[in-house]
Amino acid sequence: MAEVQERSGTREFAFEKADFKKVQQMLFKKAGINLSDAKEAMVYSRLARRIRALNLKSFNDYLAVVGRSEAELEQFINALTTNLTSFFREPHHFTALADYLAEHSNVTNIWCAASSTGEEPYSIAMVVAEAFGSFKTPVKIIASDIDSKVLAKAKAGVYPLASISKIPIERQKQFFHKGKGAREGKVKVVDELRQMVQFKKLNLTDQSWDVKAPLDIIFCRNVMIYFDKPTQLNVLKRMVDMLKPTGLYMAGHSENFNMHTNLVRPVGKTIYRPAG
């Protein structure tokens, strides 16, 4: 019935501009994320599912539950965060990572600060394993995300076969098992590679992070665009303070920090080093 109502242009639940504003304000307060005004339809679609699941009557009722329930707050954040990723996305960063590992013999800590469903940290792990010629390396890879659902997928390491189509065959053979029978059409990251990555839930706007400095490299790509300028600057400063003087900060293709010369200096395409 709900699907018929939405297709016909009427909504199952009343959703006014004031409701959308409340959602925007709550998401910013709880996760530091600035939700664009263009996302109104997405918000209705995703949160209406939660209202149905909880047998509630309105967005006001739902937001009241979010305000008093940590479990539902997690569902709220999960529903409204976007997780677009792929293996070796923005490949120049992984070339830079391989070069860095070749030039620095004492690399011990890499943080992937928005790991999503795991493709990015596993891409990092593949490069590290290749650099050392082994799955047993001195490098600790921390992968964090605010979304608990995508972290669960990341830990499982199971993906559609098509997702690795652009990875060279040799890498596919070394780092993935292809599913057979009921699992045909899927691949699973080999256990040795999965064990190289430690996944944890982390909110970048929290006052403390469960990540130990000093860090050699931080991948924080296409995350800052969801924060307002003061939050971006605060997160960037905290991250740069955790980097070694020779460390690298990998930003996303839509992010530019060249103006923050007191914090970072560019050393490549969306690649930065601490200014100090």
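**Reading cysteines, a pocket and a buried methionine**

Reader: Before I dig in, what kind of model is this, and how many disulfides does the structure hold?

Author: It's a predicted model, and it holds 0 disulfides. Cysteine 112 is in none, with the nearest cysteine sulfur, that of cysteine 220, 8.8 Å away.

Reader: Is cysteine 112 buried or exposed? And cysteine 220, buried or exposed?

Author: Cysteine 112 is buried, at a relative accessible area of 0%. Cysteine 220 counts as buried too, with 0% relative accessibility.

Reader: Okay, pockets next. How much space lies in the second largest pocket?

Author: The general idea: roll a probe the size of a water molecule over the atoms, and you see where empty space is left. In this structure, the second largest pocket has about 240 Å³ of space. It's lined by 13 residues, and Arg49, Asn78, Ala79, Asp147 and Lys149 are the closest to its centre. Helices α3 (40-53), α5 (70-80) and α8 (148-156) each give two or more residues to that lining.

Reader: How do the lining residues divide into nonpolar, polar and charged?

Author: You get 2 nonpolar, 5 polar and 6 charged.

Reader: Last one: where is methionine 239 found, and what is it in contact with?

Author: Methionine 239 is in helix α11 (residues 229-242), and counts as buried at 0% relative accessibility. Leaving aside neighbours within four places in sequence, its contacts are Trp111, Ala113, Leu204, Trp209, Ile218, Cys220 and Tyr249.

How values were computed
Residues are numbered from 1 along each chain as its sequence is written. This is a predicted model: local features need pLDDT of at least 70, side-chain atom pairs count only at pLDDT 80 or more; totals for chains, interfaces and linings use all residues. Side-chain values use heavy atoms; hydrogens and water are left out. A disulfide is a pair of cysteine sulfur atoms within 2.5 Å. Buried means under 20% relative accessible area, exposed over 50%, partly exposed in between (1.4 Å probe, protein chains only). On a 1 Å grid over the protein atoms alone, a cavity is a set of points where a 1.4 Å probe fits but cannot get out, and a pocket is an open set with protein on both sides within 12 Å along at least five of seven lines; lining residues have an atom within 4 Å of a point. Grid points are joined across faces, edges and corners, and a volume is the space filled by probe spheres set on the points. Helices (H or I, at least four residues) and strands (E, at least two) are DSSP runs, numbered from the N terminus. Ala, Val, Leu, Ile, Met, Phe, Trp, Tyr, Cys and Pro count as nonpolar, Asp, Glu, Lys and Arg as charged, and the others, Gly among them, as polar. Contact means heavy atoms within 4.5 Å.
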